[in-house]
Amino acid sequence: MTHLHLWCSLKADADAREFCDNVQEFLSDLYRREMIEGFNIARRDFAMDPPGLGEFHFTVDFRDARQASRTLDEIEKDDGEIAEFRKTVTAVIKDMNVAMYRDWPEPRLPRINHDR
């Protein structure tokens, strides 16, 4: 599994609830289209976070790096519905940090015993 992590803060005039509703709708649409495997939306609690990460944290799960690459490419080149979601969501973001991680150790196929 490959995990995309996004941390962001919002512009001063942004409505946090509306923003998260839009992110939820955007990611739910990607999930319905089977472009992602799942996602999580979280908000900083008790101001406990390293400096610069941001108030919101989103995790987007992909089957593997290939699915992540295809999905991110599709989001970038889309000029329809996905592009409208993207514009709505990114319009209120003040700053953002992004990281990609994969499960470790990577799952391995079971060994087959050919001696039987």
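Tutor: We begin with a term: contact means heavy atoms within 4.5 Å. The model under discussion is predicted.

Student: With that cut-off, which residues is Thr2 in contact with, leaving aside its neighbours within four places in sequence?

Tutor: Thr2 is found in strand β1. The contact criterion is heavy atoms within 4.5 Å. Leaving aside neighbours within four places in sequence, the residues in contact with Thr2 are Val60, Asp61, Phe62, Arg63, Asp64, Ala65, Ala68, Met100, Tyr101 and Arg102.

Student: Is Thr2 buried or exposed?

Tutor: The limit for a buried residue is a relative accessible area under 20%. Because Thr2 has a relative accessible area of 8%, Thr2 is buried.

Student: By what distance are the C-alpha atoms of Thr2 and Leu72 separated?

Tutor: Along the chain, Thr2 and Leu72 are 70 residues apart.

Student: How much space lies in the largest pocket?

Tutor: Rolling a probe the size of a water molecule over the atoms shows where empty space is left. For the largest pocket, that space is about 450 Å³.

Student: Which of the lining residues are the closest to the centre of the largest pocket?

Tutor: The lining of the largest pocket has 22 residues. Elements that give two or more residues to this lining are β1 (2-10), α1 (16-32), β3 (56-62), α2 (65-77), α3 (81-90) and β4 (93-102). The residues closest to the centre are Leu4, Leu6, Phe26, Ile75 and Met96.

Student: How do the residues of this lining divide into nonpolar, polar and charged?

Tutor: In this classification, Asp, Glu, Lys and Arg count as charged. The lining of the largest pocket has two charged residues and two polar ones, and its nonpolar residues number 18.

Student: Which element gives the largest share of the lining of the largest pocket?

Tutor: Several elements contribute two or more residues, among them β1, α2 and β4. The largest share is five residues, and the element that supplies it is α1.

Student: What distance does α1 reach from its first C-alpha to its last?

Tutor: Helix α1 has 17 residues. At 1.5 Å a residue, the expected value is 24 Å, and the span in the model is close to it. From first C-alpha to last, α1 reaches 24 Å.

Student: What covers the buried residues of α1?

Tutor: The buried residues of α1 are Ala16, Phe19, Cys20, Asn22, Val23, Phe26, Leu27, Ser28, Asp29 and Leu30. Their cover includes β1, β2 (38-43), β3, α2, α3 and β4.

Student: Which residues form one aromatic cluster?

Tutor: The whole structure has four aromatic pairs. In one of them, Phe56 and Phe58 are stacked, with 6.3 Å centre to centre and 10° between the planes. Both Phe56 and Phe58 are buried. The cluster is formed by Phe19, Phe56 and Phe58.

Student: By what distance are the C-alpha atoms of Ile93 and Lys11 separated?

Tutor: Ile93 is found in strand β4 and counts as buried, at 14% relative accessibility. Leaving aside neighbours within four places in sequence, Ile93 is in contact with Cys8, Ser9, Leu10, Lys11 and Phe19. Although Ile93 and Lys11 are 82 residues apart along the chain, their C-alpha atoms are separated by 5.8 Å.

Student: Which residues does Glu81 touch, not counting residues up to four places away in sequence?

Tutor: Glu81 is found in helix α3. Not counting residues up to four places away in sequence, Glu81 touches Asp29 and Arg33.

Student: Why is Thr71 classed as buried?

Tutor: Thr71 is found in helix α2, where it touches Met35, Ile36 and Phe62, not counting residues up to four places away in sequence. A residue counts as buried under 20% relative accessible area. Thr71 is therefore buried, since its relative accessible area is 4%.

Student: What is the phi of Glu34?

Tutor: Glu34 lies in the loop between α1 and β2. Glu34 is exposed, with a relative accessible area of 64%. Although Glu34 is not a glycine, its phi is positive, at about 60°.

Student: What is omega for the peptide bond that joins Trp104 and Pro105?

Tutor: Pro105 is found in the segment after β4. The peptide bond that joins Trp104 and Pro105 is cis, and omega is about -5°.

Technical notes:
Residues numbered from 1 in each chain as written. Predicted model: local features only at pLDDT ≥ 70, side-chain atom pairs only at ≥ 80, totals over all residues. Heavy atoms only, no water. 1 Å grid on protein atoms, 1.4 Å probe; cavity = no way out; pocket = protein on both sides within 12 Å on 5 of 7 lines; lining within 4 Å. Points joined across faces, edges and corners; volume = space filled by probe spheres on them. Helix = DSSP H or I, 4+ residues; strand = E, 2+ residues; numbered from the N terminus. Phe/Tyr/Trp six-rings, centres within 6.5 Å; stacked < 30°, edge-to-face > 60°. Buried < 20%, exposed > 50% of the residue type's maximum accessible area, 1.4 Å probe, protein only. Expected span 1.5 Å × (residues − 1).
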